Amino acid sequence: MSGRRWPLALVAGVSIVGACGSLHAERPAVIARPTAAARAELMRVVTLALDGAPVTLADDALTRDSVLLVERRTPAGPQGRAATGRTLDEPARLRLVLEGTRCELVREADGRRFPLRDVTCVALGVSK
């Protein structure tokens, strides 16, 4: 008889763990206070997420929307100016999320997460 109870207990335990995990689901977020320090940290983390590629970000990046699209720069031609033609690579897509109280940037290509330190984020749609 006890052999029959074990599988039911296991299923119940898994259900409880799953329910607890969903209480702290990530939420889309925006930067609440885009200070110079917050922008510098965002630049550091975006550069890290793009494997060291240099980036240029607007001062209001991730302050109104939780998604950041970063396009590749057009490579330089032989005279040092941007080469003509198009870059056909898809832009990198990064999402800002709130995981509990932690602000994280998620690289959508592989789900890798990059925590932002000393940056105040709020869930998207919440008053700043």
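Glu71 is exposed, its relative accessible area being 65%, and the residue sits in the loop that runs between S2 and S3. In this predicted model, Glu71 lies 7.2 Å from Glu90, C-alpha to C-alpha, although the two are 19 residues apart in sequence. Glu71 also belongs to the lining of the largest pocket, where it is one of the residues nearest the centre, together with Leu50, Val55, Val70 and Arg72.

**Overall arrangement**

The protein is built from two helices and six strands, which follow one another along the sequence in the pattern α-β-α-β-β-β-β-β. Of its 128 residues, 27% are buried.

Helix H2 covers residues 36-49, and its 14 residues reach 20 Å from the first C-alpha to the last, which is close to the 20 Å expected at 1.5 Å a residue. Which residues of H2 are buried? They are Ala38, Glu41, Leu42, Val45, Val46 and Ala49. Because these residues cover an arc of only 130 degrees around the axis, they fall on the same side of H2. The face turned away from that buried side carries Ala36 and Ala37, both exposed.

Just after the helix, Asp51 adopts a positive phi of about 55 degrees.

**The disulfide**

A search of the whole structure finds one disulfide, and this bond joins Cys103 to Cys121 with an S to S distance of 1.8 Å. The pair links distant parts of the chain, since Cys103 belongs to strand S4 and Cys121 to strand S6 (residues 121-123), 18 residues apart. The link of Cys103 and Cys121 is left-handed, with -55 degrees about the S-S bond. Are its two cysteines buried or exposed? Cys103 has a relative accessible area of 4% and is therefore buried, while Cys121, at 11% relative accessibility, also counts as buried because the limit is 20%.

| Residue | Relative accessible area | Class |
|---|---|---|
| Cys103 | 4% | buried |
| Cys121 | 11% | buried |
| Glu71 | 65% | exposed |

**Pocket and cavity**

Rolling a probe the size of a water molecule over the atoms shows where empty space is left. The largest pocket has a volume of about 310 Å³ and is lined by 17 residues. Strand S2 gives the most to this lining, contributing three residues.

The structure also holds one cavity of 30 Å³ or more, and the volume of the largest cavity is about 30 Å³. Which residues line the largest cavity? The lining is formed by Ile31, Pro34, Ala38, Arg39, Leu42, Asp59, Ala61 and Thr63, and the largest share of it, three residues, comes from H2. Ala38 and Leu42, which take part in this lining, are also among the buried residues of H2.

Definitions and conventions. Residues are numbered from 1 along each chain as its sequence is written. This is a predicted model: local features need pLDDT of at least 70, side-chain atom pairs count only at pLDDT 80 or more; totals for chains, interfaces and linings use all residues. Side-chain values use heavy atoms; hydrogens and water are left out. Helices (H or I, at least four residues) and strands (E, at least two) are DSSP runs, numbered from the N terminus. The expected span of a helix is 1.5 Å times one less than its number of residues. Buried means under 20% relative accessible area, exposed over 50%, partly exposed in between (1.4 Å probe, protein chains only). The arc is that of the directions from the helix axis to the C-beta atoms. A disulfide is a pair of cysteine sulfur atoms within 2.5 Å. On a 1 Å grid over the protein atoms alone, a cavity is a set of points where a 1.4 Å probe fits but cannot get out, and a pocket is an open set with protein on both sides within 12 Å along at least five of seven lines; lining residues have an atom within 4 Å of a point. Grid points are joined across faces, edges and corners, and a volume is the space filled by probe spheres set on the points.
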